[in-house]
Amino acid sequence: MAANRAGAVALAALAVLTAGCGVSAAQEMELSASPAPARPLDGKVVALDPGHNGGNAAHPEVINRQVDIITGRKPCNTTGTSTADGYQEHAFTWDVAQRLKPILEGMGAKVVLTRPDDKGVGPCITERAAIGNEAEADAVLSIHADGARASGHGFHVITPGLLPGHNDDVVGPSRRLGRDIRAAYRAGTGMPYANYTATNGLQSRTDLGGLNLSKRPAVFLEAGNMRNQGDAAKMSDPDFRERMAEALADGLRRFLD
């Protein structure tokens, strides 16, 4: 009799454990089948255009070729500027873009770059615009650094001016993108608006091929003046470049979310 009771108790315990395992497995299946939470930039496409390129200086025959930018003709590309210590603009823009890309991807965005590395030549400003257009980017951000007089400091954002019949549909959205980038960049980095150009950190131009030829909302960021000692120190600091990338991601999220 005692053996029978012990066997019954064991069977009952096994049944409870089995039932418990069954509920747990069902719960796990239900959880695994639940959709992932939506991210703020799911379904959005962002084109990042790191200005210039590492091989440009060695190939003047390529970058000096004239291309049509609607309002005139300009060189295919340029070498960019540098700090007094020799930190090159092309390296700066590439680094910021590489920091910004995974942040945007973490928000759900698909990120398209206009160049694959910092060793090549070009591409021309016309090709860079075409990359954003072909990707049907929801926002295009061209990252640059200025080479103004050493006394000038601060950042500014450039938006496309109206070219009737060419960019009518994107001038308004580009201005909104510019305002969002400006606000987030200033808040995230603490850098002031440029004191040597633009008005309150914003400027509209019709002489930049990347903006003139864009069919998508697009802006240029002049992230600071590399010829200014204070700006150069910030731009040469990897930790500060990370702050720049985080601020730009916030600006793009504001515009796209």
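I began with histidine 52, which is found in the loop between β1 and α2 (60-63); helices (H or I, at least four residues) and strands (E, at least two) are DSSP runs, numbered from the N terminus. I note that this is a predicted model, in which local features need pLDDT of at least 70, side-chain atom pairs count only at pLDDT 80 or more, and totals for chains, interfaces and linings use all residues. Residues are numbered from 1 along each chain as its sequence is written, and side-chain values use heavy atoms, with hydrogens and water left out.

**Entry 1. Backbone exceptions**

I looked up phi for histidine 52 and found a positive value near 65° in a residue other than glycine. Histidine 52 is buried, at a relative accessible area of 8%; buried means under 20% relative accessible area, exposed over 50%, and partly exposed in between (1.4 Å probe, protein chains only).

I then turned to isoleucine 70, in the loop between β2 (66-68) and β3. Its phi is also positive, near 80°, and isoleucine 70 is partly exposed, with a relative accessible area of 31%.

I recorded a cis peptide bond from glycine 122 to proline 123, with omega near -5°. Proline 123 belongs to the loop between β4 and α4. For context, most residues other than glycine have a negative phi, and most peptide bonds are trans.

**Entry 2. The disulfide**

I searched for disulfides, taken as pairs of cysteine sulfur atoms within 2.5 Å, and the count comes to 1. Cysteine 76 and cysteine 124 form this link, with their sulfur atoms 2.0 Å apart. The pair links distant parts of the chain, 48 residues apart: cysteine 76 lies in the loop between β3 (73-75) and α3 (89-106), and cysteine 124 in the loop between β4 (110-113) and α4 (125-134). The angle about the S-S bond is -100°, and the link of cysteine 76 and cysteine 124 is left-handed. I checked the accessibility of both ends: cysteine 76 is buried at 1%, and cysteine 124 is buried at 2%.

**Entry 3. Helix α3**

I examined α3, which has 18 residues and reaches 26 Å from its first C-alpha to its last, close to the 26 Å expected at 1.5 Å a residue; the expected span is 1.5 Å times one less than the number of residues. Its buried residues include Glu89, His90, Trp94 and Asp95. The buried residues of α3 pack against β1, β4, β5, β8, α7 (229-235) and α8. Just after α3, glycine 108 takes a positive phi of about 105°.

Leaving aside neighbours within four places in sequence, threonine 93 is in contact (heavy atoms within 4.5 Å) with Pro50, Gly51, Arg115, Ile143 and His144.

**Entry 4. The nonpolar core**

I looked up the largest nonpolar core and found 36 residues, with Phe92, Leu100, Leu104, Leu141, Tyr185 and Leu252 having the most contacts inside it. Such a core is a set of buried Ala, Val, Leu, Ile, Met, Phe, Trp, Tyr and Cys residues joined through side-chain atoms within 4.5 Å. At least two residues each come from β1 (45-50), α3, β5 (139-146), α5 (168-189), β8 (218-225) and α8 (238-256). The largest share, 9 residues, comes from α8. Apart from this core lies another, of 10 residues, among them Val45, Ala137, Leu211 and Ala218.
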